[in-house]
Amino acid sequence: MKVPILIPNIFNHPFTYDSDLKLKVGDYVIVPFGKTELTGVVWDEFEKKTNKNFKIKKILRKLDVPPLKKKTIKFLNWFSEYNMTPKGMALKLLLLSSTAIEKISDEVYEQFKIDIKKNKIELSKEQKSCLKKMNVSNQKFRVHVLQGTTGSGKTMVYFEALKEIINKGFQGLILLPEIGLTGQFQNKFIEFFGFNPAIWHSGITKKNKEIIWSGIANNKIKVVIGARSSLFLPFKRLGLIIVDEEHDQSYKQDEGIIYNARDMAISRASFENIPINLITAVPSIETYDNIKKGKYSLSRLDQRYLNASLPNYEIINLNKSKLKPQSWISKEVIEKVKLHLKKKDQVLFFLNRRGFSPHVLCNKCFSSYTCPNCTINLVYHKNRQNLLCHYCGYKALLNRDCSKEGKCNFIFSGPGVERISEEVRNIFPTNETAIFSSDTMNKKNSSKTLEKIINNEIQILIGTQLISKGFHFPSLNCIVVVDIDLSSQGHDLRGAEKNLQLYHQLSGRAGRTGKPATVYFQTYNLDTKMINDITNKDPNIFLDKELEIRRANNLPPFQRFIALIITSSNERELEKEAYKFKNFIESVVEGKVLGPVNAPIFRLKKMFRVRLLIRDRKSLKVQSKLAQVIQKFKFPVGMKLTVDVDPINFN
Ligand SMILES: [Zn+2]
Ligand SMILES: [Zn+2]
């Protein structure tokens, strides 16, 4: 019998094999491939046209793994077409290091055994009505959005919904945008359900991944809490997907196989024909558009826990309250913070910039520290005593001879969180402080720091946007946005939306236990339109305006964007080829092909980069036509094309 076998590699089609075994679609098998043996899956169709005359090889054996469901295969096929990535690479996302895990002994799964305890948590009237709306699905596909103010108890609502699904024997998946969150979240889960969920992200051990993969395939594990990649687990009986913080842009996988996990989750739910819930305080523009069109249903939670009100906002005009040289915290703010500390409020100084200073230069020879691999300044990290490229990881020491005479005399331009932290410690020497950024918090020993913050043993935090991502700090009642002018600079179409999301999430960290809270914005900019948008109690007013702008300018979600990034180490050749490539593809694109232009970060990891942008209708045909023609274009050796459908970053 001839069988189509998809293999986890760069091919977009299955290979034909021969077998005497009884095989059906979805079975995992081991096949010879070249000189090696690989794991493959019996696919749902043969390669379309084969004029190659390969000798058909025999399948070696069938693996003891429950077959991949046809629905999941259909999802992977669609994933491959939508994101313009080979089918084999889509399969690779599902397998574990390109293999399937055969049955693991039952005892291992004792730790995940479900034993739902009766909890005493009583939902509020508002929460109950949201749950009711969420549950009207008959277990069929539909997208429901739960929009709730930060701290309004959204999690409890979807936990209840999930409980019903598990009780019916289904599996559930909760997607989270940030792996740093899983610890605090896991505790919340166990407190509610009384059993362990499986935690899935890139940081867990290989052994654990094997246990979870197999447990999911055999329906031994009921709930997975995971980052993007958990979306590709081989669920045997998936019954509900929840995407928490659906607006979060870190759902976009920007490297390797590029995809948006939120959008793919919706699509997987649609292929599985199961309900999906998107959870957010402020929906993304795409989601908001779908709510307005009636494609997604919506429920809203407007009351905060303990009836806490949202924080107050105060604008500190830096033109009046002059800053001392090399300082970034105004006198006015210092006085306010003192009052908060007196009341035992925790205080956060927010600046979205890691390290000590983003720009180091010499005041004798005027040369600055830039990355040798990228067109970007190196950031000085004082704690680590080095300069670091945030894009390629290049490191250098702050030690250089001047082109004039002797050693360079460095000046540091602008602050990062480390520098603000120094200033804070000078002003408040008796208080415990901590920096909250990916440099300090995404580590194994960060849970101790997290605990200290929760217990208010650390009174002052200096944090980057990492802190805006769903952490719950009960004493945090004062936030100082050190420099809203800097954070508002941006050159991409989502700049306004990104800012709204960021500051809304950030403010949501404050005042979570009912005490009054205030967010202070230091600014030189008296045009406070953005601050007004951010601080408006109803974020939908901003979203309505933003949708109108997008519509008027033919921007997503009204049109489809596909970014094509061409990279090469040869700058001259790159430009020439980019124009050739543009001419080549233009004939099949009905919409517009914009560019090529040099990417804002023109050189990244030693490669020069140019970008093209396709703006077209929202139809899968755009991708399939484009994929066909791209295949025929032969780039010179060393030149690489990356396709980013629905791009979020325009670096
Ligand atoms: Zn670099
Ligand atoms: Zn110098």
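A charge sits over a ring if NZ of Lys or CZ of Arg is within 6 Å of the ring centre and within 35 degrees of the ring normal. With that in hand, here are the close-ups, all taken from a predicted model.

**View 1. Arginines sit over aromatic rings.** The charged end of Arg237 lies over the ring of Phe170, at 4.3 Å from the ring centre.

**View 2. Four cysteines hold the zinc ion (ligand 1).** The SG atoms of Cys371, Cys374, Cys389 and Cys392 are the protein donors, 2.2 to 2.4 Å from the metal. Angles among the four donor atoms run from 102 to 114 degrees, and the site is tetrahedral. For comparison, the ideal angle for four tetrahedral donors is 109.5 degrees. Along the sequence, the donor residues follow the spacing C-x2-C-x14-C-x2-C. Cys374 belongs to the loop between β17 (359-362) and β18 (379-381), and Cys389 to the loop between β19 (386-388) and β20 (395-396), so this pair ties together parts 15 residues apart in sequence. Cys374 is buried at 3% relative accessibility, and Cys389 is buried at 2%.

**View 3. Phe436 meets Phe471 edge-to-face.** The whole structure contains 37 aromatic pairs. In this one, the ring centres are 5.1 Å apart and the planes stand at 80 degrees, so the pair counts as edge-to-face. Phe436 is in strand β22 (residues 433-436), while Phe471 is in the loop between β23 (460-463) and β24 (476-481), 35 residues apart. Both Phe436 and Phe471 are buried.

**View 4. Seven residues make one aromatic cluster.** Look here for Phe75, Trp78, Phe79, Tyr82, Phe232, Tyr259 and Phe271.

Terms used. Residues are numbered from 1 along each chain as its sequence is written. Chains are lettered from A and ligands numbered from 1 in the order in which they are written. This is a predicted model: local features need pLDDT of at least 70, side-chain atom pairs count only at pLDDT 80 or more; totals for chains, interfaces and linings use all residues. Side-chain values use heavy atoms; hydrogens and water are left out. Donors are N, O and S atoms within 2.8 Å of the metal (3.2 Å for Na, K and Ca); water is not among the atoms, so sites may look incomplete. Four donors count as tetrahedral if all angles lie between 85 and 135 degrees; four count as square planar and six as octahedral if opposite donors are over 155 degrees apart and all others between 65 and 115; anything else is irregular. Helices (H or I, at least four residues) and strands (E, at least two) are DSSP runs, numbered from the N terminus. Buried means under 20% relative accessible area, exposed over 50%, partly exposed in between (1.4 Å probe, protein chains only). Rings of Phe, Tyr and Trp (its six-membered ring) pair if their centres lie within 6.5 Å; planes under 30 degrees apart count as stacked, over 60 as edge-to-face and the rest as tilted.
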